[in-house]
Amino acid sequence: MSSAPGYQAPTVTVSSSLPGRGVSDAVLLVAVVAGEDGPTVAEDQTHLGADAATAIESALSALNATGGEGQLHRLVIAGLPVASVLTVGLGEPRDDSAPWASDTVRRAAGAAARSLDKVGTVVAALAALDLEACVEGLILGAYRFTDFRSDKTAPKDKGLTKIVALAADTKAATKAQVQRAVDIASSVATARDFVNTPPSHLYPAEFAKQAQALGQAVGLTVEVLDDKALTKGGYGGIIGVGKGSSRPPRLVRLAHSGGGRRAKKVALVGKGITFDTGGISIKPAANMHHMTSDMGGAAAVVATVVLAAKQKLPIDVIAYVPMAENMPSATAQRPGDVLTQYGGTTVEVLNTDAEGRLVLADAIVRACEDDPDYLIETSTLTGAQTVALGARTPGVMGSEDFRDRVAELSQAVGENGWAMPLPEELKDDLKSQVADLANVSSSRYAGMLVAGVYLREFVAEGVEWAHIDIAAPAYNTGGPWGYTPKGGTGVPTRTMFAVLEDIAANG
């Protein structure tokens, strides 16, 4: 089975035994466990046979391997119908009842895939430990973005093209598990592609065009508002942020109708600043090129609503994606300008680099007009997220119960969102002398929380709401690790989809 049109994931097949033919040039992926006497082949990988497992353990012992998490060794083992064996360490088991967290398996598969970029086929004994996590990790670890490389630097090989997952059986339910994993990983890869596409080629109109094409391909209802419609409709935040650019803003609405009259309705909102110079409050030149990722929230929202349609979730999901480019020019908004958000709230723009909350506020008010039960919005909102939580941990703010639910699910899928408070006293920091609100506080403290307090002002009463700040987690500026590459990560696509699945199952 393969992915839907768009990102082309490796083809995945399931086998209940080690193939005897057709994989002679493949690599066999085997998980090993750290122990006092050296690494041992992880249990449940019974497809290997006792003799092969013993040979693998002996070879690792000779290399002084430990089986530590992520440790890789390439071996040649006689008698196996593959070119070589790749072992990946899982570390020490957590406990007997649940020895391996899904994300441990996912990270192991990702690390293995990154080391196999010149191997076409992998036979994954690791899949016996957690089929979906293994498939997801292999696809995400094998991800490449080469759209802008010429023949001079483009890889000559095709990378990982086929995965044979070894599982206990090949029943329809197992195949459905695999297809779900392929769909999830492919959607994350789509979000990564959007983030990695340079702003010269992904500006608001083009982003809207591509989102529309993806949505229509899976049967979503799509509406695109251009700058004239936005002006007429009173979307002052989106228009204000986009005023300085020669490339006008857009607002895209994508709707999945998966339930009946009593189905839960979830709104998704994602910040789509296709490039952020900071506007008149211009950013420092150093690392400004990382602002190609400032539409990471929008990328994840588009990928998530498309995934909801692919998986036919029995709920209604409506996504609002404001898209703009924040540039300095003679027409740009100035510090001290006042704009009117959609819905009538006036805002004094004290800092034009706090633009994300302005476009999000418009989209939040519009989304609430659809009377959702839940609202999830996400963005590369504040540098303060990085200061507070580091490069890999999103901050989750919002209605307390729903915030905690989102954070818990985020941790379960390995994206590790962390619940953060919204102290009432911070609202006083957003008082303006001339308008209803100021868009920033004069204090240097609690920047992420202040932004969350600002957004809360636009959420309709009675709507359960969560914001996921992914300022750093959306874009990995360091080296690759696990299944996470350098560049766009696709966070928080898997978190939002997990929340949608949970709402579909539990309300």
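Helices and strands here are DSSP runs, numbered from the N terminus. The close-ups below come from a predicted model.

**View 1. Ser-245, in the loop between helix 7 and strand 9.** Helix 7 covers 236-242 and strand 9 covers 250-257, and the loop joining them is where you'll find Ser-245. Is this residue buried or exposed? Ser-245 has a relative accessible area of 11%, and since buried means under 20%, it falls in the buried class. Skipping residues up to four places away in sequence, Ser-245 touches Glu-325 and Met-327.

**View 2. Ala-309 and its contacts.** Ala-309 sits in helix 8, which runs over residues 296-310. Its relative accessibility is 11%, so Ala-309 counts as buried too. Who does it meet, once neighbours within four places in sequence are set aside? Ala-309 is in contact with Val-218, Leu-220 and His-256. For a sense of scale, pick out Thr-66 as well: Ala-309 and Thr-66 are 243 residues apart in sequence, and their C-alpha atoms are 44 Å apart in space.

**View 3. An open sheet of three strands, in the order 13-14-18.** The pairing in this sheet is mixed.

**View 4. Strand 13 against strand 14.** Strand 14 takes in residues 346-349, and it pairs with strand 13 in the antiparallel sense over four bridges. As a reminder, strands of a sheet pair through backbone hydrogen bonds, either parallel or antiparallel.

Key
Residues numbered from 1 in each chain as written. Predicted model: local features only at pLDDT ≥ 70, side-chain atom pairs only at ≥ 80, totals over all residues. Heavy atoms only, no water. Helix = DSSP H or I, 4+ residues; strand = E, 2+ residues; numbered from the N terminus. Buried < 20%, exposed > 50% of the residue type's maximum accessible area, 1.4 Å probe, protein only. Contact = heavy atoms within 4.5 Å. Pairing = 2+ DSSP bridges.
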